[in-house]
Structure formats: C-alpha cells, structure tokens
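Subject: Structure for you to look at

Hello,

Here is the structure I said I would pass on. Please open it alongside this message, and read my notes below it with the model in view.

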Amino acid sequence: MLCPRCQSENCRRSRRQGFGDFAISVVGLRPWRCRSCDARFVARAVAIKYLPYVHCTMCGNLDLQTISAEYVDGMLAWLFRMVHIPAYRCAPCRNRFFSIRRYHRIIPAAEPSAPQQAQEQEQEHVHHTPVAR
Ligand SMILES: [Zn+2]
Ligand SMILES: [Zn+2]
C-alpha cells in the first residue's frame, strides 16, 4: 500500500475505530496508517487519492509499465485493442491489464534505512595550500 502523503510503502491496516471506519468498510474501503509519516487514510486496492490513476487491481501497484496491447489476454482484449485502450503490466504480480484511467507512474519512496550514507559525502576535506612567495 502506497501512502498518499509520503509515497512510502510502509503502511499497515489500521484498526477500525468508531462508526466512521465501520461506514467506510461497508463500501469496500479500509482504514490504513502509514508508519513513515503517521498519516491515516482510506484505501481500496490503492489510496483514494490514487484511484483515478492506473493501478494494478491485484496488488495496488502504481509503478506500472506500458506494454503493447497484444500481450494482454482476456475475454474483451480484442475489443480493448480495437478502441486502443492502453495496456499495462505490473512487474511484481505479472498482471497485465487494460485501463482507461490516467497514467501517472508513482514509484514508492525509498525506505529511510541508511541515514548515515548521506553524511559521509560531506567529509571530503579540501586542502588549501598556502601560496609561498
Ligand atoms: Zn506516509
Ligand atoms: Zn500487481
């Protein structure tokens, strides 16, 4: 699950709290919480914010590749090809599908696992050799 605020994948299902969360679960939505930025949001396969964009309906991935329509199988594939609906491929679950949603590729934010690496680059010393006269 991709966080709509910080694009981190570090999100967990949130426990339902109160009637509001019960009501959203009736319409197929689930409350989630991001462990990176602490944002709470509701989602189906993807967060509400990402629903207008092309996403994998199997795993909610938004990091999709556009592929040629001839690689997609399915009952209505011939129809989608005929009307030139774009085809996409989800790498993690190998799902290939057609979608008329807006294509907006979102790559998950990198996990902040190694914070020391950024600091090491600043330790480069510049030597100022005094010019002798
Ligand atoms: Zn977040
Ligand atoms: Zn997928």
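Two residues count as being in contact if their C-beta atoms, placed from the backbone, lie within 7 Å. With that in hand, consider the contacts in the protein between residues at least 6 apart in sequence: 53% of them join residues at least 24 apart. Please keep in mind that this is a predicted model.

Overall layout

The protein has 133 residues, and 16% of them count as buried. Its secondary structure comes to three helices and six strands. Read from the N terminus, the order of elements is β-α-β-β-β-α-β-β-α.

The three-stranded sheet

Three strands make up an open sheet, in the order β1-β2-β3, with antiparallel pairing. The strands at the edges are β1 (11-13) and β3 (40-43); each has a single partner strand, so one side of each has no neighbour in the sheet. From one strand to the next, the twist averages 35°.

β1 is joined to β2 (residues 30-34) by three bridges. If you want to find them on screen, R12 has R33 in β2 as its bridge partner, and R13 has W32. One to look for is R30, whose bridge partner in β3 is A43. β2 and β3 form a hairpin with five residues between them, and in the turn D38 has a positive phi of about 70°.

How many of the nine residues of helix α1 are buried? The number is zero, so α1 (residues 18-26) lies largely in the open. After α1 comes G28, which has a positive phi near 85°.

A second hairpin

A closer look at A43

A43 is a residue of strand β3. Is A43 buried or exposed? A residue counts as buried if 20 or more other C-beta atoms lie within 10 Å of its own. A43 has 22 C-beta neighbours inside 10 Å, so A43 counts as buried. Apart from neighbours within four places in sequence, A43 is in contact with M1, L29, R30, W32 and I48. Take L29 from that list: 14 residues separate A43 and L29 in sequence, while their C-alpha atoms are 5.4 Å apart in space.

The nonpolar core

The largest nonpolar core holds 18 residues, and the ones that touch the most other members are L2, V46, A47 and L64. β3 and β5 each supply at least two residues of this core, and β5 gives the most, with three residues.

Leaving out neighbours within four places in sequence, V46 is in contact with L2, L51, H55, G60 and L62.

Regards

How values were computed: Residues numbered from 1 in each chain as written. Chains lettered and ligands numbered in written order. Predicted model: local features only at pLDDT ≥ 70, side-chain atom pairs only at ≥ 80, totals over all residues. Pairing = 2+ DSSP bridges. Helix = DSSP H or I, 4+ residues; strand = E, 2+ residues; numbered from the N terminus. Axes fitted to C-alpha atoms, helices over the stretch in contact; angles between N-to-C directions. Buried ≥ 20, exposed ≤ 12 C-beta atoms within 10 Å, placed from the backbone. Core = buried A, V, L, I, M, F, W, Y, C linked by C-beta atoms within 7 Å.
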